[in-house]
Amino acid sequence: MRYISTNGKAGFATFREATLNGQAPDGGLYFPEKIPALSRKFLDSLKNKSKAEIAFEVIRPFVGGTIPEEKLFEICAETVDFDFPLVKITDNIYALELFHGATLAFKDVGAKFMSRCLQYFSVQKGEKTIVIVATSGDTGGAVASGFLGAENVEVVILYPSGKVSKVQELQLTTLGQNITALEVRGTFDDCQTLAKKALADNEIKEKVFLTSANSINIARWLPQQFYYFYALRQWNEKDAPVVSVPSGNFGNICAGLLAQASGLPFKKFIAACNANDIVPRFLQTGEMVSKTSVATISNAMDVGNPSNFVRILKLFNDDADKLRKKLEAISVSDKLTADTMREVYKKYGYILDPHGAVGFYALEKYLEQNPNKKGFFLATAHPVKFDSVKEILGTIGEMPVTVEELLSRPKQSVEMNVDYNDLKDILLGKI
Ligand SMILES: *Cc1c(COP(=O)(O)O)cnc(C)c1O
């Protein structure tokens, strides 16, 4: 398998090159040259295979021999070593819970897989790697936990001071070892700008291999296909499901559409967005207009320029009409999100986090129009991660043991102003 750039102006790259580079040299996103077609036999046998076996079979063609099979199987097994239960909530709506991993959000899958691949390539090169990542909340913890203890890899995380939840902050500041958390006196955008500047800094690049761990990296994007297979493995209804995906940067839903293109039977995908409605507008008008993001209670989806959407277009050969047949999109306000959380808790006793609630609402609306269908939404994070859940529901339900433990650990962060020179000194100090 080789990768091309969505901008079409870069040469082919292997899985290894694309993982190490992150972004294609022409500024585009890497995209598989060909979509693998899964055999009928494999699809029919999902129920008899282990999670690790499924992950391995799905990802193997994409890795294209750049990691030995035995090693790749080990990476897969480590990546999916927790549960992905499909939980029935109403007659026609299920939740695919993706929050039983180390940092209680779906990003654990992509981050762990990527960390293991990068570690493998870094050891192979015999060169130290510094991973830099800016986070608005969930990414930082997942990346930190995924890379904790990785040989030859240092991780530097920038997060906006006071703008992530308590649990999220502890997840990225209490690990120590090869993880450094930089608490930036600024916004997420400031963190992102600082990280980008470092990634483009030739003086640093001459001294050390610096790369990013953001969601456009194929080693984070591709393994997100796994849980769509795990959903189908648990799906016992007669007809294929409708899938609702809370979306921000559109990496997760794009992985689902990719799995569908390789043969997974899904009826329809719904991109469930908050007030950041760039994609719902695009599907309505055919025009892609990015905007500055607006803050919502489902803040992991506050994205004004969804970077993975070009990959979705590519999957459909840039044909918006073809795309509309498979994908619907809806924008859900904060008020509707909070109302949904209250209603679902009252009626079914199920605690939704704000992101899952956007997904639930979008699916419920769709099924109202299509009454004989059934579906599931992705519960992308555990409610305990978001301070708003307590305010809206008056409870966060049962606290996972890992969180109780986390609350007792001391936070370790390096505070800094939005000043690139300070960041540069810190990075050079790690070499
Ligand atoms: C990152 C995130 C999303 C958005 O996923 P994308 O792949 O960026 O669309 C949704 N929910 C939660 C909880 C997240 O952390």
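Q: Hi! Is Cys191 buried or exposed?
A: Cys191 counts as buried, because its relative accessibility is 0%. Buried means under 20% relative accessible area, exposed over 50%, and partly exposed in between, with a 1.4 Å probe and protein chains only.

Q: Good to know. What kind of model is this?
A: It is a predicted model, where local features need pLDDT of at least 70, side-chain atom pairs count only at pLDDT 80 or more, and totals for chains, interfaces and linings use all residues. Residues are numbered from 1 along each chain as its sequence is written, and side-chain values use heavy atoms, leaving out hydrogens and water.

Q: Back to cysteines: how many disulfides are there?
A: The count is 0 disulfides, where a disulfide is a pair of cysteine sulfur atoms within 2.5 Å.

Q: New topic! Which residues come nearest to the ligand?
A: Lys107, Asp138, Gly248, Asn249 and Phe250 do, out of 15 residues around the ligand. Here, near means that one of a residue's heavy atoms lies within 4 Å.

Q: What does Lys107 do there, in terms of distance to an oxygen atom of the ligand?
A: A polar side-chain atom of Lys107 lies 2.5 Å from a ligand oxygen atom. With Asn249, a backbone N or O atom lies 2.8 Å from an oxygen atom of the ligand.

Q: And how much of the ligand does the protein bury?
A: The protein buries 96% of the 390 Å² that the ligand exposes when taken alone. Those areas come from the Shrake-Rupley method with a 1.4 Å probe.

Q: Last one: which residues touch the most other members in the largest nonpolar core?
A: Phe15, Phe147, Tyr227, Phe229 and Phe376, in a core of 93 residues. A nonpolar core is a set of buried Ala, Val, Leu, Ile, Met, Phe, Trp, Tyr and Cys residues joined through side-chain atoms within 4.5 Å.

Definitions and conventions. Polar contact = N/O pair within 3.5 Å; in protein donor to acceptor, adjacent residues only side chain to side chain.
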